[in-house]
Structures are given as C-alpha cells and as structure tokens.
Amino acid sequence: MNMIRVLLSCALATIASSSWATSKLYNAEAAVILKNGSPCFYIPYEISSNPAVYSDGKGLQLSLFNTSQATPGYVWKTWFKQRPAKLPNTPESCIPYGTMSKDWKGMQPKALAMATSYQLEIGGELGTYGAFFCIQKDKAGASYIAKSDHKGTCSTAPLPIPSR
C-alpha cells in the first residue's frame with residue numbers, strides 16, 4: 001500500500017512539474033517589420049480601445065533584449081504613460097525601434113547587430129506581446145527580419161507575421 005502511494009506521489013509530481021515548464025513568456029505574438037531600415041513593432045490583433053480594469057493606467061512599455069550567448073542584455077527600453085492615440089496594431093502605426101517616451105527616461109537604444117537574436121516585449125494596458133527575431137541579409141544584401149528562438153539562435157527563415 002505504501003509503495004502505491006509513493007508511485008502515485010511521484011507520478012503527480014512529474015505531471016505538475018512538466019505543466020509549469022510549458023508556460024509562455026507572453027500572451028500573444030507581436031509583429032516585427034523593417035521600416036526605413038530599422039525594426040518597427042506592432043500588435044497584429046484587434047485591440048480594444050477600453051483597457052481591462054486591472055490594466056488601466058499601465059500605459060505602454062516596449063523593451064528589446066539581446067538574447068545572444070556572447071552579449072546578452074537590454075538594448076532599449078521605453079514606457080509611455082498614455083498609450084498612443086493611434087493604437088500600434090497595423091504596419092502603418094508600428095512603433096520604430098529607438099522611439100523614446102517623454103514620460104520616462106528609459107534606456108536609450110543601442111546599435112543593433114546583424115545575425116544577433118533579440119527578444120521584443122510589448123506590455124501594459126494592451127496586454128503582453130512578444131517576439132524573437134534577428135536581422136539578416138539576403139543574397140542581394142537586402143536586410144530582412146528573420147526568426148530566432150529564446151536560446152539566442154538566429155535562423156535565415158523570415159519571421160512570419162501572425163494572422164488576425
């Protein structure tokens with residue numbers, strides 16, 4: 001009888017620990033495009049003009065983290081007390097890398113490197129969105145946004161734009 005309890009306890013502990021390991025870093029994917037040669041970020045989903053009560057007043061924050069093994073660390077952070085009047089949910093209303101808020105000193109943008117993995121996070125009143133990407137060059141020398149992973153590995157495959 002005691003052996004059955006021990007086995008059952010081990011099985012439940014295994015199930016519980018594996019479910020914790022699968023949690024996501026954010027609620028949904030953000031979109032990253034190149035605009036005027038620089039990354040530009042937006043949320044490719046419908047966004048309510050009225051934030052949920054629990055997120056009202058959080059504004060809008062953006063941060064970019066270098067996930068490479070060699071030089072990890074933040075390369076840019078900004079926070080807007082008021083979210084933009086034109087919500088960043090289309091390529092036309094995207095927020096360019098390096099945009100700084102007047103509300104918060106933040107972290108001035110650092111130069112971005114080619115073939116270096118970055119993690120974007122957009123959060124605040126609009127929810128939490130994220131993307132892993134890197135900037136690559138194609139055979140003709142044109143820059144494009146490519147997929148990356150949370151371990152800092154860049155791909156040559158273009159980063160897909162999440163569908164609405």
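Predicted model: local features only at pLDDT ≥ 70, side-chain atom pairs only at ≥ 80, totals over all residues.

Colleague: In the hairpin of S8 and S9, which residue takes a positive phi near 90 degrees?

Modeller: S8 and strand S9 (residues 143–148) are antiparallel and share five bridges. Their hairpin has five residues between the strands, and the residue with the positive phi near 90 degrees is Gly 141.

Colleague: S7 and S8 also form a hairpin; which residue in the turn has a positive phi?

Modeller: Strand S7 (residues 118–124) is joined to S8 by five bridges, in the antiparallel sense. Leu 120 is one of the paired residues, with Ala 131 in S8 as its bridge partner. Four residues lie between S7 and S8, and the one in the turn with a positive phi, of about 110 degrees, is Gly 127.

Colleague: Does strand S1 run parallel or antiparallel to S8?

Modeller: Strand S1 covers residues 28–29 and is joined to S8 by two bridges. Glu 29 stands opposite Gly 130 in S8. The direction of S1 and S8 is parallel.

Colleague: How many of the nine residues of strand S8 are buried?

Modeller: Buried means under 20% relative accessible area. Cys 134 has 0%, so Cys 134 is buried; its bridge partner in S9 is Ala 146. Strand S8 (residues 129–137) is mostly covered, and the number of its residues that are buried is eight.

Colleague: Is Cys 154 buried or partly exposed?

Modeller: The cut-off for buried is under 20%, and exposed is over 50%. Cys 154 has 23% relative accessibility, so Cys 154 counts as partly exposed.

Colleague: Which cysteine does the disulfide join to Cys 40?

Modeller: The structure holds one disulfide. Its S to S distance is 2.0 Å, and the partner of Cys 40 is Cys 94.

Colleague: How many residues apart in sequence are the parts that this pair ties together?

Modeller: Cys 40 lies in strand S3 (residues 38–42). Cys 94 lies in the loop between strand S5 (73–80) and strand S6 (95–96), so the separation of the parts is 54 residues.

Colleague: Is the link of Cys 40 and Cys 94 right-handed or left-handed?

Modeller: The angle about the S-S bond is 95 degrees. With that angle, the link of Cys 40 and Cys 94 is right-handed.

Conventions. Residues numbered from 1 in each chain as written. Heavy atoms only, no water. Disulfide = S-S within 2.5 Å. Buried < 20%, exposed > 50% of the residue type's maximum accessible area, 1.4 Å probe, protein only. Pairing = 2+ DSSP bridges.
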